[in-house]
Amino acid sequence: MGSDHELFRPGPKTPFPSIVYFGGMRRYKRPRDALLAFALVRRRVPDARLYVAGEGPELPGLRELVIGLGIGGSVEFTGRLEYGELARLVASAWLNVHTSTAEGWGLSVVEAAAAGTPTVAYDVPGVSDAVEEGRNGIRVRDGDARALAEAALRILRDPDEWRRSSSEVAARYSWDRTAWMWEGILRRIHGETWCE
C-alpha cells in the first residue's frame, strides 16, 4: 500500500502541541482510548490539544466522555473532513494516535508519516507493520492507554527528530514505488508477458 504524497506532505505545525486522531468512530477502532490517553497527556502538557476527525456511531459517547474527563476545552471534534482538509490537519499535528484493534494495513499511519507526523499506536496486526519502532512512531502494548500516553509524551518532548524520520519512512510508501514493487513481483511470477 502507498500513500498520496501530493496530498499528505509536511506543512506548518501548530504553535502548541497538537495530536490528531483520524478514522471511523467505531468500537473496534477504540477512539475512546485516544481520549483516555490524551487526558493523561494533558496532565503534563496543559496546552496540548486533540483533534478528532471522523464520524460514526461512537461519536455521542465520545462527546460525553470528553465532558466527564474534563478536557472539553482541549478537544475538537471536526466531523468528517474533505480529504485535502484532512491532509492539512494531519500535517499540522505534532502527533497521530492510532488505537484500532487491528487493521489490514496501517494506511493512516503511513499518511501521517508522509505529512511529517509520527504515530503512537497499539501493537496490533496491520498497524505493527506500518509503525517502524523509533522511526515513524512507537508501538505499545495493546489496550494500555497509559503506555500510549507515555509514548506520546516521549514524542512531544522531541518532535523535530520524529518529523524527519517519519518523512524518511513514508518515502518508501509512495504509490509510484508501490506500483513499481508490484510490477517486479508480477514479472517474476508471470514473466514479461503478464501485461500484454
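**Entry 1: Arg 30.** I started in the loop between strand 1 and helix 1, where Arg 30 lies. I am working from a predicted model, so I keep that in mind throughout. I looked up the backbone angle and found phi of Arg 30 near 55°, a positive value in a residue other than glycine. Is Arg 30 buried or exposed? The relative accessible area is 17%, and the cut-off for buried is under 20%, so Arg 30 counts as buried.

**Entry 2: the overall layout.** I then stepped back and counted 8 helices and 6 strands in the protein. Reading along the sequence, I wrote down β-α-β-α-β-α-β-α-β-α-β-α-α-α. Of the 196 residues, 51% count as buried. I also checked the contacts between residues at least 6 apart in sequence: 72% of them join residues at least 24 apart.

**Entry 3: helix 2.** I went through residues 59-69 and noted that Leu 59, Leu 62, Leu 65 and Val 66 are buried. How are they placed around the axis? They cover an arc of only 110°, so they sit on the same side of helix 2. Pro 60, Glu 64, Ile 67 and Gly 68 are exposed on the other side. I looked for what covers the buried residues, and found helix 1 (31-44) and strand 3 included in the cover. After helix 2 comes Gly 70, with a positive phi near 70°.

**Entry 4: helix 3.** Next I took residues 83-92. Here 7 of the 10 residues are buried, so helix 3 is largely enclosed by the rest of the structure. My list of the buried ones reads Gly 84, Leu 86, Ala 87, Leu 89, Val 90, Ala 91 and Ser 92. The cover over them includes strand 1 (18-22), strand 2 (49-53), strand 3 (75-79) and helix 4 (107-114). At the start of helix 3, I saw a side-chain oxygen of Glu 82 come to within 2.8 Å of the backbone nitrogen of Gly 84.

**Entry 5: rings.** I searched the whole structure for aromatic pairs and got 1. The ring centres of Phe 8 and Tyr 83 are 5.6 Å apart and the planes are at 85°, so I logged the pair as edge-to-face. Phe 8 belongs to the segment before strand 1 and Tyr 83 to helix 3, so the pair ties together parts 75 residues apart in sequence. Phe 8 is buried, at 1% relative accessible area, while Tyr 83 is partly exposed, at 40%. I made a separate note of Trp 94: Arg 163 lies over the face of its ring, 5.4 Å from the ring centre.

**Entry 6: the nonpolar cores.** Which residues have the most contacts inside the largest nonpolar core? That core has 47 residues, and I wrote down Ile 19, Leu 35, Val 41, Val 52, Val 75 and Val 120. Helix 6 (residues 145-157) gives the most to this core, with 8 residues. I followed up Val 41: leaving aside neighbours within four places in sequence, it is in contact with Ile 19, Ala 48, Ala 149, Ala 152, Leu 153 and Leu 156. I also found a second, separate core of 17 residues, with Val 20, Tyr 51, Ala 93 and Ala 114 among them.

Thr 117 lies in the loop between helix 4 and strand 5, and is buried, with a relative accessible area of 0%. The side chain of Thr 117 reaches the backbone oxygen of Val 90 at 2.8 Å. Not counting residues up to four places away in sequence, Thr 117 touches several others, including Lys 13, Trp 94, Asn 96 and Ser 166. I also checked the C-alpha separation between Thr 117 and Asn 136, and found 7.7 Å for a pair 19 residues apart along the chain.

Thr 119 is in strand 5 (residues 119-122), and at 0% relative accessibility Thr 119 counts as buried. What does the side chain of Thr 119 make a polar contact with? I found the side chain of Asn 96, at 3.0 Å. Beyond neighbours within four places in sequence, the contacts of Thr 119 include His 98, Val 109, Asn 136 and Ile 155.

Notes. Residues numbered from 1 in each chain as written. Predicted model: local features only at pLDDT ≥ 70, side-chain atom pairs only at ≥ 80, totals over all residues. Heavy atoms only, no water. Buried < 20%, exposed > 50% of the residue type's maximum accessible area, 1.4 Å probe, protein only. Helix = DSSP H or I, 4+ residues; strand = E, 2+ residues; numbered from the N terminus. Contact = heavy atoms within 4.5 Å. Polar contact = N/O pair within 3.5 Å; in protein donor to acceptor, adjacent residues only side chain to side chain. Arc of directions from axis to C-beta. Core = buried A, V, L, I, M, F, W, Y, C linked by side-chain atoms within 4.5 Å. Phe/Tyr/Trp six-rings, centres within 6.5 Å; stacked < 30°, edge-to-face > 60°. Lys NZ or Arg CZ within 6 Å of the ring centre and 35° of its normal.
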